[in-house]
Every structure is written in structure tokens, then in C-alpha cells.
Amino acid sequence: KLHSDLDKGVGTVKYTLSGDGAGTVFTIDETTGDIHAIRSLDREEKPFYTLRAQAVDVDTKKPLEPESEFIIKVQDINDNEPKFLDGPYVASVPEMSPVGAYVLQVKATDADDPTYGNSARVVYSILQGQPYFSIDPKTGVIRTALPNMDREVKEQYQVLIQAKDMGGQLGGLAGTTTVNITLTDVNDNPPRFPKSIFHLKVPESSHVGSAIGRIRAVDPDFGKNAEIEYNIVPGDGGNLFDITTDEYTQEGVIKLKKPLDFETKKAYTFKVEASNLHLDHRFHSVGPFKDTATVKINVLDMDEPPVFSKPMYTMEVYEDTPVGTIIGAVTAQDLDAGSSSVRYFIDWKNDVDSYFTIDATEGTIATNDLLDRESTAQYNFSIIASKVSNPLLTSKVNVIINVLDVNEFPPEISVPYETSVCENAKPGQVIQTITAADKDLSPAGQRFSFKLSSEASNKPNFTVHDYRNNTAGIETRRNGYSRRQQELYFLPVVIEDSSYPVQSSTNTLTIRVCRCDSDGTIQSCNVEAIFLPVGLSTGALIAILLCIVILLVIVVLYVALRRQKKKDTLMTSKEDIRDNVIHYDDEGGGEEDTQAFDIGALRNPKVIEDNKMRRDIKPDTLRFPRHRPPAEDNTDIRDFINQRLQENDVDPSAPPYDSLATYAYEGNGSVAESLSSIDSLTTEADQDYDYLSDWGPRFKILAEMFGEEESYNPDKVT
């Protein structure tokens, strides 16, 4: 309730409220100042509210007093039960743990005010799970309550925990949670065989390394505590078998170490021990963590293939042995109780096997063809033996036949030698060491002997020195050799072997005479080198030849340049000629040669086509030429000159004097000079060409042509 001292109770004062929850949670009577809660309050939602109140004048709306602030605190009541926020819980504890072993701590939370009363004081208790576990009522720690709890008896436990407020008093609120507790395994149980004797039956045909049976010891523990190791106790029959552990099933797998034979031994007995790999020292007092069982194995008789007396057969035979000769035999037996006969045959794989045959009943091997050690020194094939009673049961053995050598080939020089001797060689000098080879397979201790043939023994050039170790040396017997006299020597050497019968051959060595220096180093063995000057080597000759070739190339280049330069000079001089100049490389036969070239090439077609103005010149004073030998009549030249004269005579633009037209380049000039008339008359009728006859034989034809035309047509001037 709010009240102002200025309030006289006559209704002149109005009360207002503002702040947290004003108008929504709390309201005020404007006349009396009473404050009321208009809805339920929850301390856990909001424990207090801060409000502001003020008294104002009803008429003027002005504050009568300053605004005052106050706090409304919500008082707690026990309206919230304890809650396990982390539940349900999962925990584990090793089996066989002592009483009071820690398992887990639980915690419950109460939302009530812990500072007001006992609403938030929680007490823990077990509603389900006794007598195996206990809980501390204040801390909530769960511990074991019974000793030696065995996982193999019961592994899972579910414990119901209660938390109650008000200190556990009557009327308090309570909450519960579940704790699932698992007993973890420890190695507290040894492995045990379910029975003391295991019986196994094994066929005698079982392969070595194969599994022939399984036994199992039982361990109630779990995981690595249940891992078992099996071992065969040393004793009777244990050396033929081995045992390993299957890591998935923990079974003992018995395997065969050696082959079984029913005819040799029909049963085996041995003991197997099973023990844990991971022991717990806390349980040693319980007893040994291992167990033993007996294993009895009965061998079953099986129909087996024949067995050869040897794992491999080796035989020998001389080459060229007659066909059908027996060289050895193989033997196989049926070891089963009802012994059966055996048949033999060769396992054909290639044509090599056809060199031998085998007797199907006796197993004797004989040659089927002539053998040659030099072609094939060893034969390797297989013999198969099968039972008559069951041909499908077979066994195989390898047979190696070595072909022995018969001395049929003579020894020869092992490699072709290139032997040389210096011209300055001294007597007794070794110029070559030779060895021999024999196609026959030489037995141990065989020796080769070397000597000169009888026809070469009397020659004083070379000799053979046998070193008695299958080698020999070629020695000189003269003091110096001359290539000019004889370049090649042929030395016959006789080589014999020591086998029976003795074989020998004559081998010819070619010895070449060479030029050497003072140290015996060969310098030249060529025939051409004999005629070369002393001191002039092949390299020097090559250098001289190169110099000669270079000089010849220089001379050829110089001549070519000179000719090119001369040609360029001639072309330059020809560029000054004003009319067209026809160049050709045919020298021709002079003025009398009228067939050397086409006279039409001297014409200037450009002047004819363009009809350009002539480049006229005034003729000089006529000079009489020297007499020349008469030229042959040529109608082509005459027609050409007549045509050009007609063109000039009928040209209206021509001056009153004749024109000089340059038709071709004649070199440095002609002794006849210009053919044009000098000091021509105004009319062609006044022309007189009698002077052409005075110019000599070269102008004879020209004089005749003009003379004939004048007599034929006197009105026309030529």
C-alpha cells in the first residue's frame, strides 16, 4: 500500500505505478494506493521486481512528491522437485571387486531457493539395486555393496536412484533416475577342455601342412582374457604334428608336419595343453590357468600310387652307342596292403624324349636312336609309374642321362690369330701364344701337344715351343725379316690330343711382316707403305694432298672472276649504243658468213611500230675505203637495205640529206665507214653509185645491185 502525507482522503491525490511488471503483473488503485498482483508469480522465473510510484495532483497533474522506488521480492515455496540432468547413467566396474569399490557419482538439481528453508536440500537413496550397490545420501556416490560379484554369473545391473528435497522429510518432492552398471571381465577363470580325450581319423594321403582336426578348450572369460594358446606336450607321436590357435574361434588346429603311412604306423597318441596368454596375478591363488587333454589319431589306409626307390635317377651312356642298348632301370613299388603290379612309361613332352624307350614291366631304359654328345650332352625326362589295379594312381620321377664323349674330333686352334713379326725381330723372340680347343668333351687331365709339321721343320724362319700346359709359343729363328723380300709367311702347326684314339690336325698360321720402331711397336703392315719415303707418314701425305686441292680451287676461282669481270666491262660499253643491240655468243665466220645468224634480228621493231622521228645526222665528207675481198651475193641483205631506203625516201619529214641509221654494233668501227651517200643531191635521179665499184671486192655485190636497179629503172635513184 502506498500513501502520501498530502493525501487528506478527499480524492485530490492520484497514485501512479511504473517499472518491472507494472500494468502486467502488478496494478495500483489510483485513489487508495493499494498494489495488487493480477497474476500468479514464480520465483524461479523472476525472483524480484523493481517498481517506481508517485503521487500527483488530480487537477493540475503535477507531482506532489518526488518519485519513489521500491522492490517487491517473491518469497519461495517448495514447488520444484529435484531433477537428474545427466540421467540415465551408464557405468561399469570390474567383476570380483571388493566392497565399497567406486562405481559412479550422480547429481540432482532443485530449482527452489537454497537459502530459504529446506526446499532445495536433496537426499539420495536406492529404490532398486540392493543389496549389490549402495549410495551416499549426501554426495550421490554409488559403490559396490557385495564382494566377488562374478560377471560370468550376472553381467548387467539396473539401479534406480531417488533424490528427495526437504532433507528427505515427509512432504518433500522427489525425482528418480536409472543407472545401468556392467561388470567388466577379468581373467578369473582358466581354460578347461570339455573332455579329456579327443579322437581323430586321418587319411594317410593327407598332405603335409594340411589341417587334420580341431580341438577346443572353454574359457568363460571375455576378450583378451579368453585368448588361449595350445601346445603339444613332447612325447610319443608329437613330432609328426603341430597345433596352432584360430584367433577367431580360439580353437586348436592340428596340422600335419610329416607324411603319414598306414603300413608303417596306424595310430598316434599325444597330449595337448591349453593355457591363457594374459594372466592376472590377483588370481594366481585360484590355481594354474591351463588344462591338458589327450589326442588320439587313427591313420586310415588309402589306395596310394606307386613309390619309386629313388627321388631321382642319373645314368650315363657313351655317344654312338648302338640302338637298343640298355643303359639303366627305374623301380617303383605299391606299398599298400594289397600290392599291385606297376607299369612304366615315359612322360612325352617333346621330340627329345624319343631317343629312349622303357620296358613297361621291368622299367629298363634303352637307347632308341644314335646319340651325339656334341649335339646334346644331357637328356632330362620323366618316368611315370601307375598301378595296374588303379591306373589313375600314378607317380613321377625325373631321369637324367649324361652322354659320355668318344674322341672323334681332332683339336684345333681355338681362335683365328692375326700374327705379325717385326722386321727388326731377334732370334728366339715369342711373337704369338696359341691355344687349342676340342669339340670332344675332354676328360680330366687331357693334354694338347704342339709341333711344326715335317715340311716346315727344315725352314729357318719360325719354330713352335710347346709349354706343356695346352699352350704353345711361336718363336722367331732369324735375325730380322724384310717385307720387300717376303711379306707373308705360312706356318703349319700340328696339334694332337691325349685321348684314345689320338686325334690330330694341322693348322696354318699366317704371319705378316711389319715395320716397327725400336721398342717393337708396330707402325705399318701395309704393302704400299714399303715404297714410301722414310719419315713421311700417312698424315703428312694427306696434308700435302689437301694443300694441292686448295691451290687448285683458288686458281679456278681466280680465272672465273677474271672472265666475269671482263664480261661485265663489255656489257657496260654496250649500254652506250642508242639503238637496240642484240647480244649472242656465236662468233660466226665474218662478213662473208651470211648463214651464221638471222639478219632479221638486226631490225629495230620498236622504231617501226612507234614511227618515231629519226635521229638524223649530217653526213661527213666521203672517204674511200680500202679494198676488201669480194663478198658473196646475199639477197637478204640487199632486200633489207632496199626496204630501209624506201622507208627513208618516202618519209615527208626527212631533211634534204640522207640519214645515218645504226643497225648493229660492229666493234671499233668499219673501214668502209657509213654506207650513206655523202652530199646527196636533191633528187634521187642525180645519185651516182659508180664509186661503189671502187671500194673493193667487199662492195662488189652492193655495186652490182645498185647498178642493176639503175639500168632497170632509170627514174629511181638507189
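Mentor: In this predicted model, the bonded cysteines of the protein chain, numbered in sequence order, pair as 1-3 and 2-4.

Trainee: How many disulfides does the count come to?

Mentor: The count comes to two disulfides.

Trainee: Why is the pair of Cys 422 and Cys 516 called a disulfide?

Mentor: A disulfide requires cysteine sulfur atoms within 2.5 Å. The sulfur atoms of Cys 422 and Cys 516 are 2.1 Å apart, so the pair meets the definition. With -85° about the S-S bond, this link is left-handed.

Trainee: What parts does the pair of Cys 422 and Cys 516 tie together?

Mentor: Cys 422 belongs to strand β30 (residues 419-422) and Cys 516 to strand β36 (residues 504-516), so the link ties together parts that lie 94 residues apart in sequence.

Trainee: Why is Cys 422 called buried?

Mentor: Buried means a relative accessible area under 20%. Cys 422 has 10%, and Cys 516 has 12%; therefore both are buried.

Trainee: What makes Cys 514 and Cys 525 a disulfide?

Mentor: Their S to S distance is 1.7 Å, and the cut-off is within 2.5 Å, so the pair qualifies. This link is right-handed, with 110° about the S-S bond. Cys 514 is in strand β36, whereas Cys 525 is in the loop between β37 (522-524) and α1 (538-574), 11 residues apart.

Trainee: How do you know whether Cys 514 is buried or exposed?

Mentor: Cys 514 has 0% relative accessibility; this value is under 20%, so Cys 514 counts as buried.

Trainee: Why is Cys 547 called partly exposed?

Mentor: The relative accessible area of Cys 547 is 46%.

Technical notes
Residues are numbered from 1 along each chain as its sequence is written. This is a predicted model: local features need pLDDT of at least 70, side-chain atom pairs count only at pLDDT 80 or more; totals for chains, interfaces and linings use all residues. Side-chain values use heavy atoms; hydrogens and water are left out. Helices (H or I, at least four residues) and strands (E, at least two) are DSSP runs, numbered from the N terminus. Buried means under 20% relative accessible area, exposed over 50%, partly exposed in between (1.4 Å probe, protein chains only).
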